[in-house]
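These are my notebook entries on a structure I was asked to examine. I looked up charged side-chain pairs and the pairing of strands.

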Amino acid sequence: MDKVTNILLAGVGGQGILLASEVLSEVLMMAGYDVKKNEVHGMSQRGGSVTSHVRFGEKVYSPIIPEGEADILFGFEILETCRYMPFLKANGKIVVNRLQIMPSSVATGLERYPENLEAMIMSKVPETKVVDGLDLAVNAGNPRTVNTVLLGALSKMMDIDLKLWNQALEKMVPKKFIAENLKAFELGRQS
Amino acid sequence: MAKEILSGNEAIARGAYEAGVKLAVAYPGTPSTEILENTIKYPSIDSSWAPNEKVALEVGIGACLGGARSLVTMKHVGLNVAADPLFTLSYTGVRSGLVLVVADDPELHSSQNEQDSRHYARAAKMPMFEPADSQEALDFTRLAYDVSEQFDTPVFVRTTTRISHSKSIVEEAEPQTGLPEPSLKRDPAKFVMLPGNARKRHHVVEDELLKMADWAAQQPFNRIEERSAEVGVITSGVSYQYAREVLPDASVLKLGLVYPLAKKLISDFAARFKTLYVIEELEPFIEDQVRAMGIDVIGKDCLPICGELTPGRVAAAIGHEELVVNHTADVDLPNRPPNMCPGCPHRGVFYNLKRLKAFVTGDIGCYTLGFMPPLSAMDSCICMGASVGNASGLNKVLPESEKQKVVGVIGDSTFLHTGINGLMDMVYNGSTATLVILDNRTTAMTGRQENPSSGFTLVGQESKEVDLEALCRSVGVEHVRTVNPWDLEQTRSVLQEEMDRKAPSVVITRGPCILIKRDMGQRKTPLEVDADKCTGCKACLNIGCPAIEWRPDEGERGKAVVSQLLCVGCGICDQLCKFDAFKLVDSEVKNG
């Protein structure tokens, strides 16, 4: 049986991770793969830790990624990326947004945001791709295109026709925001 | 036909449409909510939110009396509310197909327990389908209507969070046509469940279940995947996916119908294997029945009853392989629990309840987050509507010195769900507790659904609004006060007065959920902290607002900073600051 590829998205509720995983799944379906994706709604939003599991291949069974089997950890925030590192395969890769969002215990002064997390990630997984998502989104013309920038960076690690990415974005992004999203995707891809 | 990538919930809505469903009704509840949010895409279906699951099922039965196919959906705990009509509905059977979707939540991602609703199929004597992916969610829903009519019974479709919220590729089909038009048809022997009629119907139910078990042994939804001659697995639902992942070479009997079990199929399958697993989440529901047939299996002696299954947990349980952890962060990572949104109208209410040292009987909704520090102002949370009865009972048994500390807290939607009954009891039976109705004009936790007091229906049409004040007065509450929850001092003094009052009283804190889209006007200019005035006293941190960030290294004692991205200018922090350090962004003016 052909192998299944696993991408774990991790970040904070409200960052738009579910929409990013929708675009990713759409691209994979267009590329002809069997695709499953899963996330949890409800209590885990409201600023809590959020993950989305995306799996694709010839035939996918489980909608959630087996522990220790993620090929790519796709992080939207540094701390949340660290939290889900145990899901990553021995030779797995990381794409991560250079962003820190304070959890409530840090924001209220009870704990500190751990220092040097980015360096720690780099020391464990040296080929990690760190993306300045917000800067590139601003360059693309709209700070709200961070997730599209990140998808662009992710696309470099995947063997999927660029045309399909653009088609999926055109299908899923509202018309008036298409131009800036295509730009954002391109900037992420080149980063 | 078209291929789409659909969630289990979207696929169930599609299946209902393809089955010619005319009416769909529900009370929102994670993970079932999106089913009804998707039936509204099909104008041929009358979709609506009922005030609670019992009413939803009764509305569904009404449509069935008229000969229209109907869909009723709820989360697992909602089924407890609907259990009364359910147990008699299985006796009456149906005139036209009635399907009840129940969505369980193993692992309690967003629930107060992890009950296994498969037990309801057996207890209420109703067949239950269990899909393992979105395609089956669509196919089984559609099929369930034919089964409902063929065997004259309501039919369950049971999902779990991982089925409802997983997306997978689905092939859609054309909707069924040629179904009979709804009409009046009297059939009292079948639908009037007086003892004389019900006694006869009970025999019909038992006969149909036996027929169904035989029939199910021949149906493609119960299928055998032949592989190993040594190892066999009996499984269903999402557990099937994990079993396939962990035991790719095993032969699998995958059950689509988990009640009644196709016993002949199971015993023939079981006889062929030296090693036989039953892999299922939560309770040993299939396992116990298989063991009762005299078949020895490996099941809950190694698989967990608590929590959901995952591929790793199944592998570990059956001793297949050790979990491999290749990377860890090597540092303690602060947790990131959910929190009330910036600008949430509930925040100030809980801040005050804590200050007043109230003993808070809580309820189900976003406001259950009032439990989290630093607000830490919730002392019980049982089920929908429980806050009111809990407050009454507690108030009655306490000594005079503590009686008036008891405050029930409930949201508008939850109050109308099952809180109003408790309020009648509070007045009727002389409790002197206080009830706070947190009226945020929506059913917020599940994603802002309309309710009978919001003024709109599921499809967005304007509707009559329940007048909460008038409703409370009508059941005999003489002291009903309404406050603006963003005004801390007003809220505190009214809460204090009503807590002290030796009579039942209601305080309605009325402020729309900050996320309601039609009312975005309440978002105001963000505030900022004047660093020169901030003394680092940390008073503003006591409300746990996600927009306020503590910077321990600034100034002598640290300083507070407001995130301009998150702040919606509700001004609660400003009311707490004794040093006037909060001001409108880009302004020298103190926020008024």
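Entry 1. Before starting, I noted that a residue is called buried under 20% relative accessible area, exposed over 50%, and partly exposed in between. I also noted that the model is predicted.

Entry 2. I looked up Arg481(B) in strand 17 (residues 479-483) of chain B. Its relative accessibility is 26%, so Arg481(B) counts as partly exposed. The side chain of Arg481(B) forms a salt bridge with that of Glu497(B), at 2.9 Å from N to O. Glu497(B) belongs to helix 20 (residues 488-500) of chain B, and the two residues are 16 apart, so I recorded a link between distant parts of the chain. With a relative accessible area of 40%, Glu497(B) is partly exposed.

Entry 3. I then followed the chain onward from strand 17. Where does the chain go from strand 17 of chain B? It crosses through helix 20 of chain B to strand 18 of chain B, and this β-α-β crossover is right-handed. Strands 17 and 18 of chain B pair in the parallel sense over 5 bridges. Within this region, I found Thr482(B) opposite Ile508(B) of strand 18.

Entry 4. I checked the other pairing of strand 18 of chain B. Strand 16 (residues 434-439) of chain B pairs with strand 18 in the parallel sense, over 6 bridges. Thr434(B) has Ser505(B) in strand 18 as its bridge partner. Is strand 18 (residues 505-510) of chain B largely enclosed or open? I recorded that 5 of its 6 residues are buried, so strand 18 is largely enclosed by the rest of the structure.

Entry 5. In chain A, the side chains of Arg98(A) and Asp132(A) meet in one, at 3.1 Å from N to O. Arg98(A) lies in the loop between strand 5 (88-97) and helix 3 (104-107), and Asp132(A) in the loop between strand 6 (129-131) and helix 5 (133-140), 34 residues apart. Both are partly exposed, Arg98(A) with a relative accessible area of 40% and Asp132(A) at 30%.

Entry 6. Glu230(B) is partly exposed at 41%, whereas Lys274(B) is exposed at 73%.

Entry 7. Lastly, I recorded a network of salt bridges linking Asp104(B), Asp116(B), Arg118(B), Glu130(B), Arg158(B) and Glu280(B).

Notes. Residues numbered from 1 in each chain as written. Chains lettered and ligands numbered in written order. Predicted model: local features only at pLDDT ≥ 70, side-chain atom pairs only at ≥ 80, totals over all residues. Heavy atoms only, no water. Salt bridge = Lys/Arg side-chain N within 4 Å of Asp/Glu carboxyl O. Helix = DSSP H or I, 4+ residues; strand = E, 2+ residues; numbered from the N terminus. Buried < 20%, exposed > 50% of the residue type's maximum accessible area, 1.4 Å probe, protein only. Pairing = 2+ DSSP bridges. Right-handed = clockwise from strand over helix to strand, strands pointing away.
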